[in-house]
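Please consider the following points alongside the model.

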Amino acid sequence: MPSYESLFNAFVTLLVTIDPPGLAPLFLAVTRGMNREQRSQVSVRASIIGFLVIALFAVAGASILSVFGITLPAFRVAGGFLLFFIAFEMVFERRQDRKEKSADVAITKDHIHNIAAFPLAIPLIAGPGAISATVLLSSSFQGIGGQLALLAIILACLLITYLVFVLAERIDGILGQTGRSILTRLLGVILAALAVQFVADGIKALAAG
């Protein structure tokens, strides 16, 4: 069974990469014109799809990598750089602009019932950052107990995301533009530090091998 420190680090990493507070205004944007019941249906469906996608990579991520001949240390280094890039975007608020563009495309091209799958579940919830972080974390959560622990962490993160969707109007009103900006930058700095640790661990493993 992983240590409490590993569990906490995994929880923070996934929660920051999913970034529920940053998704709140985007959820309101893609569901504008819907009533409360419709928004509730979209939030449930998006959270379930997001969980299933991320859980797939938590359970089979290593197998997927092996098919392409990619070692976990190599992916740890590459994934660490990707997470650092996402952290960079968060600190300088470029990620939010990109997410808003995805949301705008979905409104104009997709039917309202498909919004839960795209762009909410993919790529806003289960995006490259969350998937990469999950595959990286899966290497530290070996065995049935470890996998169950990781799945529980993913479930907890998606439940928080669901609650954020449900309370999106209130959260967006409380935080405001300034609050969202500060929170996003703070989470970006934390993610940058975690990304550097991933790269360092990957390089150490490659050197040892």
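Is Gly61 buried or exposed? The points below begin with that residue. The model is predicted, so local features need pLDDT of at least 70 and side-chain atom pairs count only at pLDDT 80 or more, while totals for chains, interfaces and linings use all residues. Residues are numbered from 1 along each chain as its sequence is written, and side-chain values use heavy atoms, with hydrogens and water left out.

1. Gly61 is buried, at a relative accessible area of 1% (buried: under 20%; exposed: over 50%; 1.4 Å probe, protein chains only). Gly61 belongs to helix 3 (helices are DSSP runs of H or I, at least four residues, numbered from the N terminus). Beyond its neighbours within four places in sequence, Gly61 is in contact with Leu56 and Val135 (contact: heavy atoms within 4.5 Å). The C-alpha atoms of Gly61 and Val135 are 5.2 Å apart, across 74 residues of sequence.

2. Helix 4 (residues 72-91) packs against helix 9 (residues 168-208) at about 165°, with axes 7 Å apart (axes are fitted to C-alpha atoms over the stretch in contact; angles run from 0 to 180 degrees between N-to-C directions). The two helices are therefore roughly antiparallel (angles over 145 degrees).

3. The whole structure contains 1 salt bridge (a side-chain nitrogen of Lys or Arg within 4 Å of a carboxyl oxygen of Asp or Glu). Arg39 and Glu169 form a salt bridge, with the closest N and O atoms 2.8 Å apart. Arg39 lies in helix 3 (residues 36-67) and Glu169 in helix 9, so the pair ties together parts 130 residues apart in sequence. Arg39 is buried at 17% relative accessible area, whereas Glu169 is exposed at 54%.

How values were computed: Angles under 35 degrees count as roughly parallel, over 145 as roughly antiparallel, 65 to 115 as roughly perpendicular and the rest as oblique.
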